[in-house]
Each structure stands twice: as structure tokens, then as C-alpha cells.
Amino acid sequence: MHTPNHASWLNQVECLFGILCRQLLKHGHFDTPQDLAEQMLAYVETRNQTATPFKWTYTGKVVLNA
């Protein structure tokens, strides 16, 4: 995966956790910590099978590496 100069791998991790929160955690119901873990693992497995690359929409000034 190519990471643009104006982004970092940490931004991508933050995006993934934001998606996880919106799609699973906000609307889910978890009876036990084990249930939460199982649902999160199932979500990640499904997402890995259907994932598409993030579309970067940055249109600002290009930041050059120093």
C-alpha cells in the first residue's frame, strides 16, 4: 500500500478505528468482554475479505520530506 507524503500509517490506523467504532461499537450489543472480542474479530475478518483501498482526497499543498 502506498502512503502519501502528507499522511502516515498512524492516520490509516485512526481511520480504521473510526470505521470500527461507527459500524460496530456504537450500534452493537455486547454481553461480555469475550462477546465484544468475538464480534470485533468477526468484523475484522469480514472487512479484510471485502476491503478496498482508502481513497485519498487531499488537494492541498504537497509537503516534501525534509
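Cysteine 21 is partly exposed, at 30% relative accessibility; buried stands for under 20% relative accessible area, exposed for over 50%, and partly exposed for values in between (1.4 Å probe, protein chains only). Cysteine 15 also counts as partly exposed, with a relative accessible area of 35%. The model is predicted, and local features need pLDDT of at least 70, side-chain atom pairs count only at pLDDT 80 or more, and totals for chains, interfaces and linings use all residues. Residues are numbered from 1 along each chain as its sequence is written, and side-chain values use heavy atoms, with hydrogens and water left out.

A disulfide is taken as a pair of cysteine sulfur atoms within 2.5 Å. By this rule, zero disulfides are counted. Cysteine 15 is placed in helix H1. Between cysteine 15 and phenylalanine 54 the C-alpha to C-alpha distance is 9.2 Å, although 39 residues separate them in sequence.

The protein chain has two helices and zero strands. Helices (H or I, at least four residues) and strands (E, at least two) are DSSP runs, numbered from the N terminus. Of the 66 residues in the protein chain, 12% are buried. Contact requires heavy atoms within 4.5 Å. Among contacts in the protein chain with a separation of 6 or more, 45% join residues 24 or more positions apart. The protein chain exposes about 5,800 Å², of which carbon and sulfur atoms supply 60%; accessible areas come from the Shrake-Rupley method with a 1.4 Å probe, and for residues only the protein chains shown count as cover.

Helix H1 spans residues 9–25 and includes tryptophan 9. Tryptophan 9 is exposed, at 62% relative accessibility. Together with Leu10, Val13 and Phe17, Trp9 makes a nonpolar surface patch of about 460 Å². Patches are made of residues with over 30% relative accessible area and no salt bridge, with like charges joined within 9 Å and nonpolar side chains (Val, Leu, Ile, Met, Phe, Trp, Tyr) within 5 Å.

Aspartate 35 belongs to helix H2, residues 33–50. Aspartate 35 is buried but has no salt bridge, and the nearest side chain of opposite charge, that of lysine 26, is 19 Å away. A salt bridge is a side-chain nitrogen of Lys or Arg within 4 Å of a carboxyl oxygen of Asp or Glu; Lys and Arg count as positive and Asp and Glu as negative, while His and the chain ends are not counted. Apart from neighbours within four places in sequence, aspartate 35 contacts His29 and Phe30.
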